[in-house]
Amino acid sequence: MRGHRGRWLVVPVVLAVAGWASACGGGDSGDASPHRSATPSATASKRSGATGRPAATPTSAYDPVRFAAQVRKHARTAKISPQLLMAILYNESDKPHDPGFERAWQKIKPDAAFGIADMHRAAFDEVKRGRSFADRRWDELPDDPDLAITAAAWYLHDLAVRLPARRSGHYTRNELLALGYNAGPGNMLAFARGARPGSVAQSYLDRLRQNWPVAERALHSA
């Protein structure tokens with residue numbers, strides 16, 4: 001009987017992880033970005049853990065507003081928009097951010113993202129070089145929201161450096177940076193030249209626009 005009871009304890013966890021996997025969808029690898037887009041093309045951008053996810057809701061159990069102070073601090077240091085950084089956290093807030101859950105999912109999908117900013121290992125290892133957190137590890141992200149926010153802020157900073165001065169008028173600077181965060185630098189540059197996003201990247205942009213005023217209120221209320 002003990003053996004049977006042990007198996008039944010495992011099943012709900014496996015089913016929960018499997019259900020989340022089904023809801024979040026899969027992703028492929030590409031240039032180093034938090035979400036490792038499939039290709040640097042504008043039409044084939046895919047994101048690990050994004051397909052079909054609804055817009056984040058600030059009334060859910062997890063609300064990035066609690067990190068407003070860290071967002072303001074690290075955005076200022078990295079010289080990027082705090083509203084952009086906060087809106088990205090809201091975009092990523094519709095996935096479970098429990099450290100145990102993230103690690104359980106990572107055992108099933110080794111290239112899964114970690115932390116409240118949903119960052120992959122390659123992107124983290126790239127952005128930490130020469131920075132104050134260079135000695136930190138990617139697998140610390142689930143337990144350290146401040147580290148996740150720091151890495152996301154500097155990743156956005158690095159994307160901004162790559163953004164051309166002359167670009168198409170389809171998207172604002174912050175929208176292009178968000179698309180780069182989601183789909184990778186190659187796609188971001190394509191969008192800056194006037195290419196249109198694929199359905200997944202467009203969904204990410206739509207959610208960013210929905211979360212933009214939410215992010216502003218969060219930064220001013222905390």
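Reply: A salt bridge here is a side-chain nitrogen of Lys or Arg within 4 Å of a carboxyl oxygen of Asp or Glu. By this rule the count comes to 10 salt bridges. The model is predicted: local features need pLDDT of at least 70, side-chain atom pairs count only at pLDDT 80 or more, and totals for chains, interfaces and linings use all residues. Residues are numbered from 1 along each chain as its sequence is written, and side-chain values use heavy atoms, with hydrogens and water left out.

Me: What makes K128 and D125 a salt bridge?

Reply: The closest N and O atoms of K128 and D125 are 3.9 Å apart, which is within the limit and therefore qualifies.

Me: Why is K128 called buried, and why is D125 called partly exposed?

Reply: Buried means under 20% relative accessible area, exposed means over 50%, and partly exposed lies in between (1.4 Å probe, protein chains only). K128 has a relative accessible area of 15%, so it is buried. D125 has 28%, and is therefore partly exposed.

Me: Why is the pair of Y62 and F67 called tilted?

Reply: Rings of Phe, Tyr and Trp (its six-membered ring) pair if their centres lie within 6.5 Å; planes under 30 degrees apart count as stacked, over 60 as edge-to-face and the rest as tilted. The structure holds four aromatic pairs. In one of them, the ring centres of Y62 and F67 are 6.5 Å apart and the planes stand at 50 degrees, so the pair is tilted. Y62 counts as buried at 14% relative accessibility, and F67 does at 10%.

Me: What makes the pair of F124 and F133 tilted?

Reply: The centres of F124 and F133 lie 6.0 Å apart and the planes meet at 40 degrees, so this pair is tilted. F124 is buried, and so is F133.
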